[in-house]
Amino acid sequence: DDGRESYVVFCDINTEIDFAWTLIESFALKHNSFVKRKALYVDWPLNENSPNWYMYRLSLGRMFRIRDHSAYWRATCEFPSAGIDYRDYVRAKVTDVDPLTSTGNGVCKAVEYINIRGH
């Protein structure tokens, strides 16, 4: 789209004080092998007009428009059942790690908070 049309997204404005989050991707663990090789910088929309927890991803254009108005991003697991418990959770500033352009590849990046399996 050209950025002028409106569309439905899922927003979380309740779980973290001073933060509002827009869902750009979600998938059930059973779809991991199908989804895991598609980096966020690849334009690969899935059910983008129907936000859901099982198989959903916005187009790259929509993700860039959201990113351009965002200061932070987060990734978490089991949000629909666990909410935010800060386990298996990462939050970073977009200026430190841009999830739409960063390839990682063994490069360390600064994040504000990270917890993997309780550590």
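Here is a short walk through the inside, the ring pairs and one surface spot of this structure. It's a predicted model, so local features need pLDDT of at least 70 and side-chain atom pairs 80 or more, while totals for chains, interfaces and linings use all residues. Residues are numbered from 1 along each chain as its sequence is written, and side-chain values use heavy atoms, leaving out hydrogens and water.

Let's start inside. The largest nonpolar core has seven residues: Leu 23, Tyr 56, Leu 58, Leu 60, Met 63, Ile 66 and Leu 100. A core here is a set of buried Ala, Val, Leu, Ile, Met, Phe, Trp, Tyr and Cys residues joined through side-chain atoms within 4.5 Å; buried means under 20% relative accessible area, exposed over 50%, and partly exposed in between, using a 1.4 Å probe and protein chains only. Helix H2 (residues 60-67) gives the largest share of this core, three residues; helices (H or I, at least four residues) and strands (E, at least two) are DSSP runs numbered from the N terminus.

Now for the rings. There are seven aromatic pairs, meaning Phe, Tyr or Trp (six-membered) rings with centres within 6.5 Å, called stacked under 30 degrees between planes, edge-to-face over 60 and tilted otherwise. One of them joins Phe 10 and Trp 53 edge-to-face, at 4.9 Å centre to centre and 70° between the planes. These two sit 43 residues apart. Phe 10 is partly exposed at 30% relative accessibility, and Trp 53 is partly exposed at 23%. Phe 19 and Tyr 72 are edge-to-face too, with centres 5.2 Å apart and planes at 85°.

Finally, look outside: Ile 116, in the segment after strand E7 (113-115), is exposed at 52% relative accessible area.
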